[in-house]
Amino acid sequence: LDLPPRLQAKCQAIVPLIAMGGATEAAIWSNICEVTAPLPSHWQSIPYGKPLANQRYRVVDELGRDCPDWVAGELWIGGRGLATAYRGDPTLTAQRFIIAGGQRFYRTGDRGRYWPDGNIEFLGRIDHQVKVRGHRIELGEVDAAFTNISTISRAITLTIGNPKTLVAAVISKDNQVLDTAHITAELNQQLPDYMVPSQLIQINELPLSANGKVDRKQLACLFVEVAQNDTYQAPQTELEKQLADIWQPLLKRETISRMDDFFTIGGDSLAATQLLQTLQSQHLIPTSVSLTTLFNAPTIAQFANCIESAWRDLGGNNINQVTLFEEGTI
């Protein structure tokens with residue numbers, strides 16, 4: 001919302017600002033909104049606007065029925081700009097490109113709603129719906145609540161850890177230091193208790209992915225680093241130290257606590273597979289230690305304990321000897 005006034009402040013004359021959106025699968029641009037100052041006071045974001053010529057939008061519920069105005073649902077795109085398929089991926093094509101009412105549509109995975117004037121409001125990703133403490137939460141709704149706080153320019157809400165914890169990264173207006181306790185109090189006036197983030201971190205700018213979208217994985221790692229500074233525990237045993245030495249370059253981290261969760265600090269299934277391959281090549285784990293072991297014991301302390309237990313089950317080897325074996329000596 002701060003972009004239009006910032007643009008006009010930099011220009012000598014009134015400059016038209018056109019907001020556009022859409023998906024690569026639907027000719028990239030599918031909607032348009034001409035933004036003029038002053039912005040309506042009830043806007044919580046720049047709306048998507050209306051479909052471009054020869055393009056069509058639907059907002060549908062879980063059964064594919066059109067949602068009434070103001071009711072959120074999944075955004076479907078149709079029209080002449082629609083792609084034919086994902087090349088070489090018939091399964092994904094069948095999932096995303098569907099026929100409804102005799103017309104083809106692309107299921108974007110985005111959430112939105114129609115206004116009575118025909119404009120579409122973008123509400124974020126469907127997969128940003130999370131479950132915390134038994135409650136379903138739309139992260140976009142929490143983000144929107146932050147926009148009602150005068151000292152905040154932007155906020156991104158996400159979950160970390162297991163069980164999931166709601167946290168938020170916030171950017172202040174005019175680079176002022178934020179009073180997080182006051183912000184939390186203001187959120188409590190707008191949201192039920194379970195939707196108020198338990199931790200706020202002030203940042204200067206949002207980390208972005210290669211395609212310019214907010215990199216939530218980097219944000220999650222930031223929260224872990226903050227927690228790590230408060231609760232860092234150095235690896236203790238020789239095996240824990242070896243695991244930390246392998247994790248650090250794999251996850252691109254300078255230090256790792258023995259209590260860090262592999263998947264919370266940046267690991268994924270590919271990195272987990274690479275980790276297991278490295279451990280196997282260095283003969284640090286028996287064949288009984290698998291990806292399932294790591295998923296069930298994702299910290300260095302837990303994983304090391306599982307490895308030690310697996311070696312003992314094979315014949316009671318001394319773990320200090322086992323972890324120091326060089327390749328070819330087993």
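**Briefing on the predicted model**

No disulfides are found here: with a pair of cysteine sulfur atoms within 2.5 Å as the requirement, the count comes to zero.

**Cysteines**

- C221 has a relative accessible area of 14% and is therefore buried, since buried means under 20%.

**Nonpolar cores**

- The largest nonpolar core has 25 residues, and the members that touch the most other members are L243 and W247.
- Two or more residues of this core come from each of helix 6 (238-251), helix 7 and helix 9 (300-313).
- When residues up to four places away in sequence are not counted, W247 touches K252, I256, D260, F262, L275, L294, P298, T299 and I300.

**Helix 7 and what covers it**

- Helix 7 has 13 residues and spans 18 Å from its first C-alpha to its last, which is close to the 18 Å expected at 1.5 Å a residue.
- The buried residues in helix 7 include A271, A272, L275, L276 and L279.
- These residues cover an arc of only 140° around the axis, and so they are on the same side of helix 7.
- As background, an α-helix has 3.6 residues a turn, so residues three or four places apart point the same way.
- The cover over the buried residues of helix 7 includes helix 6, helix 8 and helix 9, and L275, one of those buried residues, is also among the contacts of W247.
- After helix 7 comes H283, which has a positive phi, near 55°.

**S290, between two helices**

- S290 lies in the loop between helix 7 (269-281) and helix 8 (291-296).
- The relative accessibility of S290 is 28%, so this residue counts as partly exposed.
- Between S290 and I307 the separation is 17 residues in sequence, while their C-alpha atoms are 9.9 Å apart in space.

- E240 is located in helix 6, and at 4% relative accessibility it counts as buried.
- Leaving aside neighbours within four places in sequence, the residues in contact with E240 are P235, R258, I300, A301 and A304, and I300 is also touched by W247.
- R111 belongs to strand 7 (residues 103-114), and it counts as buried at 11% relative accessibility.
- Not counting residues up to four places away in sequence, R111 touches A72, G73, L75, E121, F122, L123, G124, R125, I126 and E138.

- Three strands make up an open sheet in the order 1-2-3, with antiparallel pairing.
- Strand 1 (17-21) and strand 3 (50-51) stand at the edges, and because each has a single partner strand, one side of each is left without a neighbour in the sheet.
- The antiparallel pairing of strand 1 with strand 2 (residues 31-35) runs over five bridges, and the bridge partner of L17 in strand 2 is V35.

Technical notes:
Residues numbered from 1 in each chain as written. Predicted model: local features only at pLDDT ≥ 70, side-chain atom pairs only at ≥ 80, totals over all residues. Heavy atoms only, no water. Helix = DSSP H or I, 4+ residues; strand = E, 2+ residues; numbered from the N terminus. Buried < 20%, exposed > 50% of the residue type's maximum accessible area, 1.4 Å probe, protein only. Core = buried A, V, L, I, M, F, W, Y, C linked by side-chain atoms within 4.5 Å. Contact = heavy atoms within 4.5 Å. Pairing = 2+ DSSP bridges. Expected span 1.5 Å × (residues − 1). Arc of directions from axis to C-beta.
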